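Here's a quick walk through one protein model. Take a look at it first, and then we'll go through a few of its residues together.

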Amino acid sequence: MPVPQGNNPRIFRLDERCLIKVSGDDAATFLQGLVTHDVMQLGQGCLAYSALLTPQGRFLHDFFILSEADGFFLECERQRREDLIRRLNVFKLRAQV
């Protein structure tokens with residue numbers, strides 16, 4: 001069972017989940033072309049459910065995406081984190097991410 005963190009009983013640490021930060025000048029356009037949610041319409045501080053699909057439309061990863069002033073956080077499964085990072089890096093190319 002999750003244990004409340006700090007003095008806020010509404011914040012929990014979930015050991016099976018983790019955060020990946022995507023930042024840089026091209027973070028929004030980089031993610032826009034890769035994930036299922038329209039990140040350009042995601043307001044700062046807003047959270048949305050999204051996924052990464054193959055070019056054929058098959059499911060690879062799902063995550064929550066949080067928009068912040070300096071980039072985005074992807075909240076995903078901890079044991080699948082490395083594969084998600086690897087797949088994002090494949091598309092990085094010359095993007096400033």
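## A leucine on the outside

Let's start with Leu47, which counts as exposed because its relative accessibility is 56% (exposed means over 50% relative accessible area, buried under 20%, and partly exposed in between, using a 1.4 Å probe and protein chains only). You'll find Leu47 in strand β4, residues 47-53. Strands here are DSSP runs of E with at least two residues, helices are runs of H or I with at least four, and both are numbered from the N terminus.

## What you're looking at

This is a predicted model, so local features need pLDDT of at least 70 and side-chain atom pairs count only at pLDDT 80 or more, while totals for chains, interfaces and linings use all residues. Residues are numbered from 1 along each chain as its sequence is written, and side-chain values use heavy atoms, with hydrogens and water left out.

The protein chain has two helices and six strands, running in the order β-β-β-α-β-β-β-α. Its C-alpha trace spans about 40 × 25 × 20 Å along the principal axes. Of the 97 residues, 28% are buried. The accessible surface is about 6,700 Å², with 51% of that belonging to carbon and sulfur atoms; areas come from the Shrake-Rupley method with a 1.4 Å probe, and for residues only the protein chains shown count as cover.

## Two buried spots

His61 sits in strand β5, residues 59-68, and counts as buried because its relative accessibility is 3%. The side chain of His61 makes a polar contact of 2.7 Å with that of Asp83. (A polar contact is a pair of N or O atoms within 3.5 Å; within protein, one must be able to donate a hydrogen and the other to accept it, and residues adjacent in sequence count only if both atoms are side-chain atoms.) Leaving out residues up to four places away in sequence, His61 touches several others, including Ser50, Arg80 and Leu84; contact means heavy atoms within 4.5 Å.

Leu34 lies in the loop between α1 (27-32) and β4, and is buried because its relative accessible area is 16%. Beyond its neighbours within four places in sequence, Leu34 is in contact with Ala51, Leu52, Leu53, Leu88 and Phe91. Leu34 and Leu88 are 54 residues apart along the chain, yet their C-alpha atoms are separated by 8.3 Å.

## An arginine in a loop

Finally, Arg13 is in the loop between β2 (8-12) and β3 (17-22). Arg13 counts as exposed because its relative accessibility is 52%. Its side chain is joined to that of Asp15 by a polar contact of 3.1 Å.
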